[in-house]
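Open the model in your viewer and keep the sequence panel beside it. The tour goes from stop to stop, with a selection at each.

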Amino acid sequence: MAIIGTGATAVQLTPELARQASALTVHQRTPIWVSPKPDHPIPPAIRTLFARLPFAQRAVRWLGSAILELMMISGVVRYKQLRVVNRLAERWCRRHLHRQVRDPELRRRLTPDYSFGCKRPTFSNDYFRTFTRPHVRLETSPIERVDASGVVTAEGRAEIDVLVLATGFDLWDTNFPAFEVIGREGRDLGAWWRQNRFQAYEGVTVPGFPNYLSLNSPYSYSGLSYFTTIECQMAHMRRLFTAMRSRGSSVFEVTQRANDEFLQRMRTKVARSSVFSLGHCATAHSYYFNQHGEATLLRPTSTVSAHRAANSFPLSDYDFSSPGVTPTGRAGAPGGRPGRSTAPRPAGNPAW
């Protein structure tokens with residue numbers, strides 16, 4: 001058996017495959033930073049405490065989020081100011097590798113040569129240890145081709161009966177967005193992003209796409225956590241929809257001005273402070289970077305700042321209108337009616 005890939009998915013799959021296979025080859029292009037995973041049983045007394053005092057659960061979550069914020073955000077987003085945090089994260093991962101892999105040559109091959117955070121790091125207590133098992137082999141020679149019975153690398157051919165692909169996905173060319181979205185004047189969102197820069201106001205909305213909300217957008221991921229990201233975006237949407245109701249409107253669209261100002265702030269923060277611009281990322285082969293060479297997936301601010309922005313962004317950053325009236329207040333759009341969009345349709349709006 002063989003598996004191609006050593007990213008977050010492969011880190012989870014490899015130990016399980018090694019338990020089942022009589023022989024396993026792991027094809028690695030790029031090593032990954034791996035931290036130990038705090039994964040212990042919760043004692044009955046603590047579970048009882050959580051049930052009786054929900055605040056205790058929130059406190060534990062806050063502590064976990066604070067540690068993640070310190071290690072990930074401070075060392076990645078604020079790399080320039082807190083480079084020592086990045087170095088500590090690297091040292092923490094190196095110690096974890098050293099504890100589990102005694103062979104210096106194997107350890108060298110499993111050690112990344114890029115800065116922590118350039119590529120998505122992960123957590124595991126048994127990934128590194130798997131490579132010390134006698135039936136598991138790490139292969140770092142480049143793959144030339146895969147045929148019906150094996151994998152051919154630059155160093156030779158290996159016959160296999162099962163091949164597992166943990167090679168990730170094409171994020172920037174086909175999955176951003178994952179389906180066709182057409183806005184005003186026939187603008188295709190995917191094509192527009194690829195021809196211009198990937199951008200979305202507060203990681204949620206895009207000018208030219210009225211009533212369109214996206215939770216998986218450029219500069220949307222806050223704190224490297226789906227939880228904090230979604231909570232921030234839900235807060236943004238709640239404030240936006242509340243403003244719509246108070247105005248009796250059913251159509252919203254972020255202004256070009258607000259979008260451009262937000263984009264400029266994000267690009268400036270990434271360029272001046274983050275590991276993506278100031279670290280050593282050339283060998284990371286990271287999906288954080290799009291085809292323009294820009295790291296536009298993560299929001300380069302603290303989670304506190306993201307939450308504050310979601311709850312207090314200027315409502316003037318949006319235009320609001322009613323059915324049949326564009327955000328500028330004129331019936332129809334310049335040169336004709338509003339362009340079609342696959343955005344959510346307001347109930348009872350005949351203009352869509």
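Two strands pair if DSSP finds at least two bridges between them. Strands (E, at least two residues) and helices (H or I, at least four) are DSSP runs, numbered from the N terminus. This is a predicted model: local features need pLDDT of at least 70, side-chain atom pairs count only at pLDDT 80 or more, and totals for chains, interfaces and linings use all residues. Residues are numbered from 1 along each chain as its sequence is written, and side-chain values use heavy atoms, with hydrogens and water left out.

**Stop 1: the sheet**

Select S6, S7 and S8. They form an open sheet in the order S6-S7-S8, with antiparallel pairing. Strand S6 (143-146) and strand S8 (156-159) are the edges, each pairing on one side only. Neighbouring strands are turned by 20° against each other on average, direction ignored; the axes are lines fitted to C-alpha atoms. Now take S7 (residues 150-153): four bridges join S7 to S8. Thr-153 stands opposite Gly-156 in S8.

**Stop 2: helix H12**

Select residues 303-312. Thr-303, Ala-306, Ala-309 and Ala-310 are buried here (under 20% relative accessible area; exposed is over 50%, partly exposed in between; 1.4 Å probe, protein chains only). Seen down the axis of H12, these buried residues fall within an arc of 125°, so they line one face of the helix. The arc is that of the directions from the helix axis to the C-beta atoms. They pack against helix H3 (54-76) and helix H9 (226-247). Turn to the face away from the buried side: Val-304 and Arg-308 are exposed there.

**Stop 3: Thr-255**

Go to the loop between strand S10 (251-254) and helix H10 (256-273), where Thr-255 is found. Thr-255 counts as buried, at 13% relative accessibility. A polar atom of its side chain lies 3.1 Å from the backbone nitrogen of Ala-258. Beyond neighbours within four places in sequence, Thr-255 is in contact (heavy atoms within 4.5 Å) with Pro-207, Ser-316, Asp-317, Tyr-318 and Asp-319.

**Stop 4: salt bridges**

The structure holds 14 salt bridges, each a side-chain nitrogen of Lys or Arg within 4 Å of a carboxyl oxygen of Asp or Glu. Select Arg-299 and Glu-202: their side chains meet at 2.8 Å, N to O. The pair links distant parts of the chain, 97 residues apart. Arg-299 and Glu-202 are both buried.

Next, select Glu-261 and Arg-257. Their closest N and O atoms are 3.3 Å apart. Being four residues apart in helix H10, they are separated by about one helical turn.

How values were computed: Polar contact = N/O pair within 3.5 Å; in protein donor to acceptor, adjacent residues only side chain to side chain. Axes fitted to C-alpha atoms, helices over the stretch in contact; angles between N-to-C directions.
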